Amino acid sequence: MHAVKHTPWSAGAIPLTFALMVDMFSLAGKTALITGAARGLGFEIAKGLVRAGAAVTINGRDPGRLNEAVQSAAREGISLETAAFDANGADAPAAVAAWAERHGRLDIFLSGVGVRNRKALFDISVEEIRGLLEADLTGPFLLTRAAASLMVPHRQGRIILMTSIAGPFAHRGDVTYTTAKGGLAGLTKALAVELGPHNITVNAIAPGPFGTETNLPLFKDPARSAYFAERTALGRWGQPHEIAGAAVFLASDAASFVTGHVLTVDGGMTSMF
């Protein structure tokens, strides 16, 4: 056998290599629209994409809450635009089209809208089931289709859906949410297959326990907070800003050959037995 010869780095190779790696994750010149991003994980992702160079618009139904988010980001030196509309409303696709017309194109679309109704199988009404499925599955389906239609003419784009570890895994008393999030994981793969010929990637992020506003009741309950923390490999809840790196990766050229994938960000919770 012949020994493998390793070529030493030249004086300028390391800086050049580092620069190339950084450039792979750059989103400079890209435009992004994130729904449900006035707070929580969507807001943290928005800030992460801006730090990577993208021009980001955050969406929500409440203009006042969106403005508060913009002001909060500005205190960190981050500039965000806003687009106030109901992401699950009948006019949402038209609102996305109008946004794209103003900005010239849509490079990155992240569907972050989601609601939760923690009720057991026999406690949740038919109306509540339909409402949650509409908000967490049907709405993102239709809005993502609208976003994809704007990307197809340019033959490029990044679509990211927000699913949950409560999709492939279930917890008692949360049956409808688990059903909806499992559907989003399936949608991720189906859209990846549909849109691959157009050079559009479709992936998803499945968060585990994060200390967001939505999870505040769980986080502030000592017993329930400990229950979730102990079930992660890292032994703690995720901090909201820790979600941003996954989104930057999936939106960047570093993930150019990644599609149909659900990236789990859960501190190792789904690896625990």
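The structure described here is a predicted model, in which the protein chain has a mean pLDDT of 90 and 92% of its residues reach 70 or more.

The sheet is considered first. Seven strands form an open sheet in the order S3-S2-S1-S4-S5-S6-S7, and their pairing is parallel. At the edges stand strand S3 (81–84) and strand S7 (262–265), each of which has a single partner strand, so that one side of each is left without a neighbour in the sheet. When direction is ignored, neighbouring strands of this sheet are turned by 20° against each other on average.

Within this arrangement, strand S4 (residues 108–111) pairs with S1 on one hand and with S5 on the other. The pairing of S1 and S4 is in the parallel sense and extends over four bridges, and among the paired residues Thr35 has Ser111 of S4 as its bridge partner. Four bridges likewise join S4 to strand S5 (residues 157–162), the two strands running parallel, and here the bridge partner of Phe109 in S5 is Ile159. Between S4 and S5 the chain crosses through helix H5 (residues 126–151), and this β-α-β crossover is right-handed.

In a regular strand, side chains alternate between the two faces of the sheet.

The aromatic side chains are considered next. A pair of aromatic rings is described by the distance of the centres and the angle of the planes. The count of such pairs in the model comes to three. One of them is formed by Phe25 and Phe249, which are tilted, with 6.4 Å from centre to centre and 40° between the planes. This pair links distant parts of the chain, as Phe25 lies in the loop between helix H1 (13–24) and strand S1 (31–35), whereas Phe249 belongs to helix H9 (residues 244–251), 224 residues apart. Phe25 is partly exposed, with a relative accessible area of 33%, and Phe249, at 25% relative accessibility, also counts as partly exposed.

The rings of Phe228 and Trp237 have their centres 5.8 Å apart and their planes at 65°, and the pair is therefore edge-to-face. Ring pairs link Tyr227, Phe228 and Trp237 into a cluster. Both Phe228 and Trp237 are buried; for Phe228 the relative accessibility is 18%, and this residue counts as buried because the limit is set at under 20%.

Phe228 itself lies in helix H8 (residues 222–229). Apart from residues up to four places away in sequence, Phe228 touches Pro209, Leu218, Trp237 and Met269. The C-alpha atoms of Phe228 and Gly208, which are 20 residues apart along the chain, are separated by 9.3 Å.

How values were computed: Residues are numbered from 1 along each chain as its sequence is written. This is a predicted model: local features need pLDDT of at least 70, side-chain atom pairs count only at pLDDT 80 or more; totals for chains, interfaces and linings use all residues. Side-chain values use heavy atoms; hydrogens and water are left out. Rings of Phe, Tyr and Trp (its six-membered ring) pair if their centres lie within 6.5 Å; planes under 30 degrees apart count as stacked, over 60 as edge-to-face and the rest as tilted. Buried means under 20% relative accessible area, exposed over 50%, partly exposed in between (1.4 Å probe, protein chains only). Two strands pair if DSSP finds at least two bridges between them. A crossover is right-handed if, with the strands pointing away from the viewer, the path from the first strand over the helix to the second runs clockwise. Axes are lines fitted to C-alpha atoms, for helices over the stretch in contact, and angles run from 0 to 180 degrees between N-to-C directions. pLDDT is the predictor's confidence in each residue, from 0 to 100. Contact means heavy atoms within 4.5 Å.
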